[in-house]
Amino acid sequence: MPNNRNAAKADRQSQKRRLLNRSQHSSLRTLVKKFRTGLEVAASESPAVTLAEVSKRLDQAGAKRLIHPKKASRLKSRLAKAQNKKAATAK
C-alpha cells in the first residue's frame with residue numbers, strides 16, 4: 001500500500017508496464033514456438049513463420065530490453081542451427 005501520491009503513481013505505472021511486458025513477452029514466445037513447430041512440419045508446406053521474422057522480433061526485444069540482448073542472440077543462433085540441420089537432413 002503506497003504511503004503518498006508519488007508512490008501510488010509509481011505503483012500504477014509499474015502495473016501498466018508489467019501488463020505490457022507480459023503480453024509482449026508472451027507474443028514473442030508464441031512466435032518462437034510457431035517457428036519451432038513449423039520446422040517439424042513436412043517440407044512441402046511453407047512455414048508459418050520465417051527465421052527472418054523471428055530474428056527481427058528477437059532483435060527488437062533485445063534492443064528494448066524486453067529480454068537480454070545476449071539471450072536474443074543465443075535464441076537466433078539456436079533457431080538458425082535447427083533450421084540448417086533440418087535443411088541438411090531433407091537433402
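K76 counts as partly exposed, at 24% relative accessibility, where partly exposed is the range between buried (under 20% relative accessible area) and exposed (over 50%), taken with a 1.4 Å probe on protein chains only. Keep in mind that this is a predicted model: local features need pLDDT of at least 70, side-chain atom pairs count only at pLDDT 80 or more, and totals for chains, interfaces and linings use all residues. Residues are numbered from 1 along each chain as its sequence is written, and side-chain values use heavy atoms, with hydrogens and water left out.

So what does K76 meet? Its side chain joins that of D59 in a salt bridge, 3.0 Å from N to O; the term asks for a side-chain nitrogen of Lys or Arg within 4 Å of a carboxyl oxygen of Asp or Glu. By this rule the count comes to one salt bridge. The pair links distant parts of the chain, with K76 in helix α3 and D59 in helix α2, 17 residues apart. D59 is also partly exposed, with a relative accessible area of 38%.

Now for the two helices themselves. Helix α2 covers residues 51-63 and helix α3 covers residues 69-90; helices here are DSSP runs (H or I, at least four residues), numbered from the N terminus. They pack at an angle of about 170°, with their axes 8 Å apart, which makes α2 roughly antiparallel to α3 (angles over 145 degrees get that label). The axes are lines fitted to C-alpha atoms over the stretch in contact, and angles run from 0 to 180 degrees between N-to-C directions. On the α2 side, the contact (heavy atoms within 4.5 Å) is made by L51, V54, S55, L58, D59 and G62, and on the α3 side by P69, A72, L75, K76, L79, A80 and Q83.

Take A72 from that list. It is buried, with a relative accessible area of 3%, and beyond its neighbours within four places in sequence it is in contact with L58, G62 and I67. V54, looked at the same way, is in contact with L31, V32, F35, V49 and L79. The C-alpha atoms of A72 and V54 are separated by 10.0 Å.

V54 also brings us to the largest nonpolar core, which has 14 residues. Such a core is a set of buried Ala, Val, Leu, Ile, Met, Phe, Trp, Tyr and Cys residues joined through side-chain atoms within 4.5 Å. Those with the most contacts inside it are L28, V32, F35, V54, L58, I67 and L79. Helix α1 (5-40), α2 and α3 each give two or more residues, and the largest share, five residues, comes from α1.

How values were computed:
Parallel < 35°, antiparallel > 145°, perpendicular 65-115°, else oblique.
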